[in-house]
Amino acid sequence: VNFDLPPTLRAYTHRVGRTARAGNSGTALTLVSPKEASGLESLLERQAKKGMDVVQPLPFNLKQIEGFRYRAEDSLKRVSRLAVRRARLQEVQTELMNAQTLKSHFEDNPQDLAAIKHDKVLAPARVQTHLSKVP
């Protein structure tokens, strides 16, 4: 689920491509606010010019997803630059620890691997109990 519309068709295709890997199919849902409607129209025009069928509008009744809207808004409040930076740092650390090219380096320098493993987030994310019953 995307909470913001990527600015380009290429960025959109890259982002939704993460939903399908290794020959498997996937579905991405992008929530578009009224402010982003012109961006969606632009995306649809660009894909039509290229003969692509990437973005397909999905009309639905907003009342059907009211509970999801609450959860999405609450989640968006928690997304900050610091949260994004921490998440990216965790991804990089995981990539470093699992990199085959660094395996021999870590075998020769176990203190480097220990330093990467030791680097933990000091303020763990709070569990939002008020969201446990929201669909």
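The model is a predicted one. Its chain holds six helices and zero strands, and from the N terminus on the elements follow the order α-α-α-α-α-α. Of the 135 residues in the chain, 16% are buried.

- When contacts between residues at least 6 apart in sequence are considered, 62% of them join residues at least 24 apart.

- Helix α1 spans residues 9-17, and its buried residues are Leu9, Tyr12 and Val16.
- These three residues lie on the same side of α1, because they cover an arc of only 60 degrees around the axis.
- The buried residues of α1 pack against α2, which comprises residues 37-49.
- Arg10 and His14 are exposed, and they are carried on the face of α1 that is turned away from its buried side.

**The largest pocket**

- The largest pocket contains about 930 Å³ of space.
- Its lining consists of 30 residues, and those closest to its centre are Leu29, Thr30, Leu31, Val32 and Phe60.
- Two elements, α1 and α3 (66-78), each give two or more residues to this lining.
- Helix α3 gives the most to the lining of the largest pocket, namely six residues.
- By class, the lining of the largest pocket comprises 20 nonpolar, five polar and five charged residues.

**The second largest pocket**

- The space in the second largest pocket is about 540 Å³.
- Twelve residues line the second largest pocket, and Arg15, Val79, Val84, Ala87 and Glu91 lie nearest its centre.
- Helix α4, which covers residues 81-98, gives the most to the lining of the second largest pocket, with four residues.
- The lining of the second largest pocket divides into six nonpolar residues, one polar residue and five charged residues.

**Ile116, a buried residue**

- Ile116 is part of helix α6, which runs over residues 110-118.
- Ile116 counts as buried because its relative accessibility is 17%, which is under the 20% limit for that class.
- Leaving out residues up to four places away in sequence, Ile116 touches Gln93, Leu96, Met97 and Phe106.

**Gly39, a partly exposed residue**

- Gly39 has its place in helix α2, the helix against which the buried residues of α1 pack.
- With a relative accessible area of 28%, Gly39 is partly exposed, since this class lies between the limits of 20% and 50%.
- Apart from its neighbours within four places in sequence, Gly39 is in contact with Leu5 and Arg46.
- Between Gly39 and Pro6 there are 8.6 Å in space, C-alpha to C-alpha, although the two are 33 residues apart in sequence.

Methods:
Residues numbered from 1 in each chain as written. Predicted model: local features only at pLDDT ≥ 70, side-chain atom pairs only at ≥ 80, totals over all residues. Heavy atoms only, no water. Buried < 20%, exposed > 50% of the residue type's maximum accessible area, 1.4 Å probe, protein only. Arc of directions from axis to C-beta. Contact = heavy atoms within 4.5 Å. 1 Å grid on protein atoms, 1.4 Å probe; cavity = no way out; pocket = protein on both sides within 12 Å on 5 of 7 lines; lining within 4 Å. Points joined across faces, edges and corners; volume = space filled by probe spheres on them. Nonpolar A, V, L, I, M, F, W, Y, C, P; charged D, E, K, R; others polar.
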